[in-house]
Amino acid sequence: MNDKPSSDKRNHFIALVDGSTYSESVCDHAAWFAHRAGASVSLVHLISRRSPDGDSSNLSGNIGLGARTALLSELAELDGKRAKLAQQRGRAILSDAQERLSEAGIEDIVTRLRHGEVVETLEEMEADADLILIGKRGEGQAVDSAHLGLNLERAIRATRKPMLVASRKFHEPERFLIAFDGGRSALKAIDFIAARPHYSDLECHLVSAGQSDTARQRQLEGAAAVLRKAGFTVIADHVDGTPEQVLAREVEQRAVDLVVMGAYGHSRIRNFIIGSTTTEMIRSCKLPILLFR
């Protein structure tokens, strides 16, 4: 492991690995992006403070004092063994992830085994990060589950840094699609990509959905101009229809390998009532999605 910090602090990625099916994909995506950007990578594995079996002391509630003391002693010993196994397993996961990145040519790698939850960890670590990578689903979920990882939406909402939600399998990107609505998050995505010419050999599809008007068209043309000035080949189109339907169709028809979009532009309450384009895209899209808040 190389603990030396990267000379370019702007190019530092955080990759969250948990031993799930998606962890290998997270590593492969991290390697591809880091190789392009010349970035260092922090591999992070979290050991949750929450016991999967609940509060074990509750098991002793209705038995005698002597037996209860003995049981609590045994439970404490069991908890200690579980904690030790969790640490050993976490180190093994990090070691495998580090080896995978090293084989892909990434040299500047740091591994971090931490106790805590995803949101609080990102709040502590994201200040120096250029990009955060996470799997779509966690270790406890089936790969074909209709549900997303339990912490994924909370993590996306909590961070202000770009977050790549890795697909199940890595495929080296050749073209990408930006879902453009003219909002602050979409403009942030445009600026992020335009500032990184090391991705300019990828074909860029800039797609706006909904009812077209003069203002929307000007925004689309302006965003395309920014990217073209940065050296990108841009195909910009406005397509009538709801964002969910348009994006799903255009992603498939254009055979893109990566989707870029703003994330959760509305409140949780509004999303609960009418749904969220972000959640639907992450759930249904089989491609990696780069999200901006």
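Visitor: Is serine 23 buried or exposed, and why?

Guide: This is a predicted model. Burial is read from relative accessible area, with under 20% counting as buried. Serine 23 has 9% relative accessibility, so this residue counts as buried. Serine 23 belongs to helix H1 (residues 21-37), and touches Val17 and Asp18 when residues up to four places away in sequence are not counted.

Visitor: How many aromatic pairs does a search of the whole structure find?

Guide: The search finds 5 aromatic pairs. Ring planes under 30 degrees apart count as stacked, and those over 60 as edge-to-face. The planes of tryptophan 32 and tyrosine 199 lie at 20 degrees, with ring centres 5.9 Å apart, so this pair is stacked. Tryptophan 32 is in helix H1 and tyrosine 199 in the loop between helix H5 (184-194) and strand S7 (203-209), 167 residues apart. Trp32 and Tyr199 also form one aromatic cluster with Phe33.

Visitor: Why is the pair of phenylalanine 192 and phenylalanine 292 edge-to-face?

Guide: Their ring planes stand at 65 degrees, with centres 5.2 Å apart, so the pair is edge-to-face. Phenylalanine 192 lies in helix H5 and phenylalanine 292 in strand S10, 100 residues apart. Both phenylalanines are buried.

Visitor: Which residue in S10 is the bridge partner of valine 259?

Guide: That partner is isoleucine 289. Strands S9 and S10 (residues 289-292) pair in the parallel sense over 4 bridges. Strand S6 (residues 175-179) also runs parallel to S9, joined by 3 bridges, and leucine 177 has valine 259 as its bridge partner in S9. Of the 5 residues in strand S9 (residues 258-262), 4 are buried.

Technical notes. Residues numbered from 1 in each chain as written. Predicted model: local features only at pLDDT ≥ 70, side-chain atom pairs only at ≥ 80, totals over all residues. Heavy atoms only, no water. Buried < 20%, exposed > 50% of the residue type's maximum accessible area, 1.4 Å probe, protein only. Helix = DSSP H or I, 4+ residues; strand = E, 2+ residues; numbered from the N terminus. Pairing = 2+ DSSP bridges. Contact = heavy atoms within 4.5 Å. Phe/Tyr/Trp six-rings, centres within 6.5 Å; stacked < 30°, edge-to-face > 60°.
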